[in-house]
Amino acid sequence: MRAMRTLAALACSLVLRGVEASESRFSFQTPQTLIAQDISDLHTWIMVIIIVIFVAVFGVMFYAVFRHRKSLGHKARPFHENTTVEVLWTVIPALILAVMAWPAAKVVLAQKDSRGAAITIKATGYQWFWGYDYVDYGFGYKSKLATPRKQIDNAQDKNPNYLLEVDEPLVVPVGQKVRILTTSNDVIHSWAMPAFGVKQDAIPGFIRDTWFKAEREGTFRGQCSELCGQDHGFMPVVVKVVSAAQFKDYVSQKQAQAKAMADDPNKIWAMADLVARGQKVYEANCQACHQANGMGSGPFPALVNSKIATGPVQGHLGIVLHGKSAMPAWQGLSDTEIAAVITYERNHFNHVGDILQPKDVKLARK
């Protein structure tokens with residue numbers, strides 16, 4: 001029994017030491033929110049209970065086998081039920097589960113309590129990047145992988161934040177409760193930030209919510225944690241936590257940029273200008289599936305000599321707006337962006353010679 005107690009104490013010490021070394025690959029990221037700290041503490045508490053049960057059960061079992069083996073002269077004895085033992089092995093596990101369930105329920109309920117948030121941000125999953133809309137401030141943007149393709153293809157040394165870097169991170173103020181509304185444009189994604197204790201699925205047609213309140217400034221990294229397609233591994237989540245003053249300046253800057261970049265859907269564009277704009281839209285949103293040369297890949301068909309890209313322009317527009325099979329709907333793009341990318345696909349890859357204006361896209365949305 002003394003050996004069993006020593007082994008249990010050693011096991012608990014190892015668990016606690018592993019949790020303290022939170023940057024190791026064997027434990028969680030260092031908690032940056034109270035919820036994340038609660039999750040880490042709960043994990044430690046449950047692991048201690050599990051190890052104590054393991055040592056007690058298997059210790060008694062191995063002791064019984066060793067002390068009552070046949071070589072010591074013991075003989076097997078037949079026995080039937082024992083009401084006391086049966087009651088004990090039902091009641092004791094039930095009590096243990098109750099002890100484990102109470103703190104777990106408190107943490108889960110706290111994770112779901114998004115009331116009283118100072119800021120609300122809508123996070124939309126796309127194949128394969130995130131779109132953020134600051135609901136309270138009237139602006140939004142796409143946050144896409146910034147790791148160079150050469151690093152992914154092993155043609156260049158990898159950065160320390162390989163596949164965990166984006167062109168535009170989510171910026172939030174320190175010490176304020178941020179509510180995240182998750183949804184998806186195509187398939188199921190999952191917005192996950194381990195250091196904040198947050199993981200919320202983004203499901204097409206549904207709005208789910210979660211929240212966090214970062215306790216210190218810095219840049220924190222996560223990933224989409226749902227298998228959402230061929231570029232699932234290239235869909236990072238990066239949150240930059242700044243001071244209240246810095247966040248105020250950031251909001252003012254983004255609002256000014258959004259106002260300056262707003263396109264007039266009634267403007268009549270020249271083909272050359274639409275094709276140039278469409279190339280940028282295509283490279284940012286379509287190239288991953290249809291390839292830079294428009295020849296397609298896997299379930300994503302080629303655009304070169306495509307019946308869609310060479311047929312009636314309204315059919316082409318319908319596919320982009322509403323999607324088909326593996327092709328998601330691209331309702332999140334502006335009227336000008338959709339008009340530009342369709343004009344680019346029809347005239348860069350196929351030389352059809354027609355043009356789609358933003359006002360036609362606006363009319364087709366109705």
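Is Pro236 buried or exposed? In this predicted model, Pro236 counts as buried because its relative accessibility is 3%, and buried means under 20%.

**Pro236 and its surroundings**

Pro236 is placed in strand E10, which covers residues 236-242. Leaving aside neighbours within four places in sequence, the residues in contact with Pro236 are Trp130, Leu145, Leu163, Leu164, Glu165, Val166, Gly222 and Gln223. Val55, by contrast, lies 40 Å from Pro236 in space, C-alpha to C-alpha, and 181 residues from it in sequence.

**The chain as a whole**

The protein chain has 11 helices and 10 strands. Its radius of gyration is 28 Å, whereas the globule rule gives 21 Å for 366 residues, so the chain is more spread out than a compact globule. Taken along the principal axes, the C-alpha atoms fill a box of roughly 95 × 50 × 45 Å. Of the 366 residues, 38% are buried. Among contacts between residues at least 6 apart in sequence, 65% join residues at least 24 apart.

**Nonpolar cores**

The largest nonpolar core has 35 residues, and those that touch the most other members are Leu170, Trp191, Phe196 and Val239. Strand E10 gives the largest share of this core, four residues. A second, separate core has 19 residues, among them Tyr282, Leu321, Tyr344 and Val361.

Trp191 has contacts with residues beyond four places in sequence, including Ala123, Trp130, Tyr132, Leu170, Ile180, Phe212, Val237 and Val239. Trp130 is also among the contacts of Pro236.

**Helix H5**

Helix H5 covers residues 244-261. At 1.5 Å a residue, its 18 residues should span 26 Å, and its end C-alpha atoms are 26 Å apart, so the two values agree.

Which residues of H5 are buried? They are Phe247, Tyr250, Val251 and Lys254. Seen down the axis of H5, the buried residues fall within an arc of 100 degrees, so they line one face of the helix. On the other side of H5, Ala245, Lys248, Asp249, Lys259 and Ala260 are exposed. The cover over the buried residues of H5 includes strands E1 (119-126), E2 (129-134), E3 (139-143) and E4 (170-173), as well as E10.

**Cysteines**

How many disulfides does a search of the whole structure find? The search finds zero. A disulfide is a covalent bond between the sulfur atoms of two cysteines. For Cys224, the nearest cysteine sulfur is that of Cys228, 3.9 Å away. The cut-off for a disulfide is 2.5 Å between the sulfur atoms, and Cys224 is in no disulfide. Cys228 is in no disulfide either, with the sulfur of Cys224 as its nearest cysteine sulfur.

**Asn347**

Asn347 lies in helix H10, residues 335-348. Not counting residues up to four places away in sequence, Asn347 touches Met271, Val275, Val352, Gly353 and Asp354. Thr310 is 37 residues from Asn347 in sequence and 9.2 Å from it in space, C-alpha to C-alpha.

| Residue | Relative accessible area | State |
|---|---|---|
| Pro236 | 3% | buried |
| Cys224 | 4% | buried |
| Cys228 | 4% | buried |
| Asn347 | 11% | buried |

Methods. Residues are numbered from 1 along each chain as its sequence is written. This is a predicted model: local features need pLDDT of at least 70, side-chain atom pairs count only at pLDDT 80 or more; totals for chains, interfaces and linings use all residues. Side-chain values use heavy atoms; hydrogens and water are left out. Helices (H or I, at least four residues) and strands (E, at least two) are DSSP runs, numbered from the N terminus. Buried means under 20% relative accessible area, exposed over 50%, partly exposed in between (1.4 Å probe, protein chains only). Contact means heavy atoms within 4.5 Å. A nonpolar core is a set of buried Ala, Val, Leu, Ile, Met, Phe, Trp, Tyr and Cys residues joined through side-chain atoms within 4.5 Å. The expected span of a helix is 1.5 Å times one less than its number of residues. The arc is that of the directions from the helix axis to the C-beta atoms. The radius of gyration is taken over C-alpha atoms; the globule rule is 2.2 Å times the number of residues to the power 0.38.
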